[in-house]
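User: Hey, I've just been handed this one and I'm new to it. Can you walk me through it?

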Amino acid sequence: MEPTTQPNSSPTLSTSQETWRMECEARHHIRIFNDIKATKGLEAAAGWWGRTISNIEKKRGKDSAEQLRRKMNELRSIHR
């Protein structure tokens, strides 16, 4: 017997799940950036961020990296 699949069982996330994931990822990167900035300085934090966003662009594409940047800026402006 062949396995059956549900017609709407997609491996992709729903819009609300994707929004939540992006926000969690943005908060995570903001936290790391601030920790590095506090312990090693702004230059080290900026270097870390440049390498990180470059890796994200390579793995997931430029659009995904830009979405993450926008979400981080949005969260930072809210919490200032």
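This is a predicted model: local features need pLDDT of at least 70, side-chain atom pairs count only at pLDDT 80 or more; totals for chains, interfaces and linings use all residues.

User: Let's switch to the inside. How many residues are in the largest nonpolar core?

Analyst: That core has 13 residues. Those with the most contacts inside it are Ala 26, Trp 49, Ile 53, Ile 56, Leu 68 and Met 72.

User: Which elements give two or more residues to it?

Analyst: Helix 1 (15-40), helix 2 (42-60) and helix 3 (62-78) do. Helix 2 gives the most, with five residues.

User: You mentioned Met 72. What is Met 72 in contact with, leaving aside its neighbours within four places in sequence?

Analyst: Met 72 is in contact with Ala 26, His 29, Ile 30 and Trp 49.

User: Now Glu 25. Is Glu 25 buried or exposed?

Analyst: Glu 25 counts as buried, because its relative accessibility is 15% and the cut-off for buried is under 20%. Glu 25 is found in helix 1.

User: So what does Glu 25 touch, setting aside neighbours within four places in sequence?

Analyst: Glu 25 is in contact with Ile 56, Arg 60 and Leu 68. Ile 56 and Leu 68 are also among the residues with the most contacts inside the largest nonpolar core.

User: Changing topic: what volume does the largest pocket have?

Analyst: The largest pocket has a volume of about 210 Å³.

User: Which residues line it?

Analyst: The lining is Ile 30, Phe 33, Asn 34, Lys 37, Trp 49, Arg 69, Met 72, Asn 73 and Arg 76. Helix 1 and helix 3 each supply at least two residues of that lining.

User: And how does the lining of the largest pocket split by class?

Analyst: By class, there are four nonpolar, two polar and three charged residues. Trp 49 and Met 72 turn up in this lining, and both are among the residues with the most contacts inside the core.

Definitions and conventions: Residues are numbered from 1 along each chain as its sequence is written. Side-chain values use heavy atoms; hydrogens and water are left out. A nonpolar core is a set of buried Ala, Val, Leu, Ile, Met, Phe, Trp, Tyr and Cys residues joined through side-chain atoms within 4.5 Å. Buried means under 20% relative accessible area, exposed over 50%, partly exposed in between (1.4 Å probe, protein chains only). Helices (H or I, at least four residues) and strands (E, at least two) are DSSP runs, numbered from the N terminus. Contact means heavy atoms within 4.5 Å. On a 1 Å grid over the protein atoms alone, a cavity is a set of points where a 1.4 Å probe fits but cannot get out, and a pocket is an open set with protein on both sides within 12 Å along at least five of seven lines; lining residues have an atom within 4 Å of a point. Grid points are joined across faces, edges and corners, and a volume is the space filled by probe spheres set on the points. Ala, Val, Leu, Ile, Met, Phe, Trp, Tyr, Cys and Pro count as nonpolar, Asp, Glu, Lys and Arg as charged, and the others, Gly among them, as polar.
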